[in-house]
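Subject: Structure for you to look at

Hello,

Please find the structure below, with my notes after it. Could you read the notes with the model open beside them?

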Amino acid sequence: MSGLDGRVAFITGAGRGQGRAHAIRLAREGADIIGIDICENVASMTYPNASAADLAETAKLVGAQGRRMVARKADVRDYPALCAAFQDGYREFGRVDIVVANAGIIRMGPESEDFLADWNDVIDTNLTGVYHTIRAALPAMREGGRGGSIVITSSTAGLKASPSLFASGNAYAAAKRGVVGLMQGLAGYLAPEWIRVNTIHPTGVASGMTHNDAMRELMEQAAAGGANSISGMQNALPLQMLEAEDIAGAVAYLVSDEARFITGIQWPLDAGFMIR
């Protein structure tokens with residue numbers, strides 16, 4: 001790594017999981033962090049989101065790396081609130097060089113009676129929320145004239161959707177595929193300004209989204225031979241799930257100067273999931 005000293009990263013979903021791992025790893029490389037999280041639950045989801053205490057812990061862990069973090073509660077679905085949170089950090093640090101649009105949700109298990117809420121919450125978070133995130137930070141990044149790197153967290157579902165009739169699962173795949181189109185359009189337009197835009201496509205990652213009662217029930221059903229939304233999922237490498245730190249290492253490379261020529265790619269971080 002060539003280091004990220006003096007740079008600033010804007011990270012969504014920073015309260016735990018991949019978002020926290022990104023914040024810690026980029027801070028270790030020298031970056032200060034603007035980190036936001038919703039810090040409340042979404043009614044249509046079947047597992048709890050990160051809390052305000054989780055976000056505060058991320059800020060503490062960033063501080064332990066010798067860097068600063070402006071931590072704010074904001075919902076990526078709420079564009080004005082997201083912009084206000086970003087501007088708090090921008091006023092503190094005076095620049096932004098990296099955007100990691102990481103916040104995402106999915107309902108585990110069968111859809112609720114209000115299936116449109118399942119659909120809308122996922123689309124609004126995983127697709128529109130990514131767009132909000134980029135638009136909140138992009139004017140400042142372009143004005144800085146130093147280039148930059150935008151990384152969007154997609155999924156293997158953004159490359160190959162799993163069979164499903166449930167609204168949340170369909171919305172998840174549609175959103176994760178949708179951000180690829182968003183990435184490609186932005187990457188082509190922003191390349192002359194040395195602003196690079198890429199998507200990453202992780203397989204299952206140990207996080208709050210996967211370590212919860214709803215997911216455990218699905219895994220038990222699949223292990224017993226039942227058909228559900230995860231029963232056909234298997235990595236080629238003998239790893240059930242990756243760790244958040246595995247993804248953070250890849251992102252740290254992608255936003256570094258060593259990857260200065262990489263833009264417009266869809267990078268599977270999938271333990272061979274896509275070749276099965």
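Tryptophan 194 sits in the loop between H5 and S6, where helices (H or I, at least four residues) and strands (E, at least two) are DSSP runs, numbered from the N terminus. Tryptophan 194 has a relative accessible area of 58% and is therefore exposed; buried means under 20% relative accessible area, exposed over 50%, and partly exposed in between (1.4 Å probe, protein chains only). Its phi is near 60°, which is a positive value in a residue other than glycine. Most residues other than glycine have a negative phi. Alanine 271, in the segment after S7, also has a positive phi, near 50°. At 10% relative accessibility, alanine 271 counts as buried.

Before going further, note that this is a predicted model, in which local features need pLDDT of at least 70 and side-chain atom pairs count only at pLDDT 80 or more, while totals for chains, interfaces and linings use all residues. Residues are numbered from 1 along each chain as its sequence is written, and side-chain values use heavy atoms, with hydrogens and water left out.

Overall layout

The protein has 7 helices and 7 strands. Along the sequence they follow the pattern β-α-β-α-β-α-β-α-β-α-β-α-α-β. There are 276 residues, of which 53% count as buried. Take the contacts (heavy atoms within 4.5 Å) with a separation of 6 or more: residues 24 or more positions apart account for 76% of them.

Helix packing

How do H4 and H5 pack? Helix H4 (residues 115–144) and helix H5 (residues 167–190) have axes 8 Å apart, at an angle of about 20°. Axes are lines fitted to C-alpha atoms, for helices over the stretch in contact, and angles run from 0 to 180 degrees between N-to-C directions. H4 and H5 are therefore roughly parallel to each other. For such labels, angles under 35 degrees count as roughly parallel, over 145 as roughly antiparallel, 65 to 115 as roughly perpendicular and the rest as oblique. By class, their contact has 19 nonpolar, 4 polar and 3 charged residues. Here Ala, Val, Leu, Ile, Met, Phe, Trp, Tyr, Cys and Pro count as nonpolar, Asp, Glu, Lys and Arg as charged, and the others, Gly among them, as polar.

Helix H3 (residues 79–93) also packs with H4, at an angle of about 40° and with the axes 9 Å apart. H3 and H4 are therefore oblique to each other, and their crossing is right-handed. On the H3 side, Tyr79, Leu82, Cys83, Phe86 and Tyr90 meet His132, Thr133, Arg135, Ala136, Ala137 and Ala140 in H4. This contact of H3 with H4 has 8 nonpolar, 2 polar and 1 charged residues.

Helix H7 (residues 244–254) is largely enclosed by the rest of the structure, because 8 of its 11 residues are buried. Among the buried ones are Ile247, Val251 and Leu254. What covers the buried residues of H7 includes helix H1 (17–28) and the strands S4 (98–101), S5 (148–153), S6 (195–202) and S7 (266–269).

Residues in loops

Is arginine 107 buried or exposed? At 17% relative accessibility, arginine 107 counts as buried. Arginine 107 is in the loop between S4 and H4. Its side chain reaches the backbone oxygen of proline 110 at 2.7 Å, and a polar atom of that side chain lies 2.7 Å from the backbone oxygen of serine 44. Leaving out residues up to four places away in sequence, arginine 107 touches Ser44, Met45, Thr46, Ser112, Asp118 and Ser168.

Arginine 16 is in the loop between strand S1 (8–12) and H1. At 22% relative accessibility, arginine 16 counts as partly exposed. A polar atom of its side chain lies 2.7 Å from the backbone oxygen of proline 48. Arginine 16 and threonine 58 are 42 residues apart in sequence, yet 7.2 Å apart in space, C-alpha to C-alpha.

Threonine 156 is in the loop between S5 and H5 and is buried, with a relative accessible area of 9%. Beyond four places away in sequence, threonine 156 touches His201, Pro202, Thr203, Asp270, Phe273 and Met274.

Regards

Methods:
Polar contact = N/O pair within 3.5 Å; in protein donor to acceptor, adjacent residues only side chain to side chain. Left-handed = near helix turned anticlockwise from the far one by under 90°.
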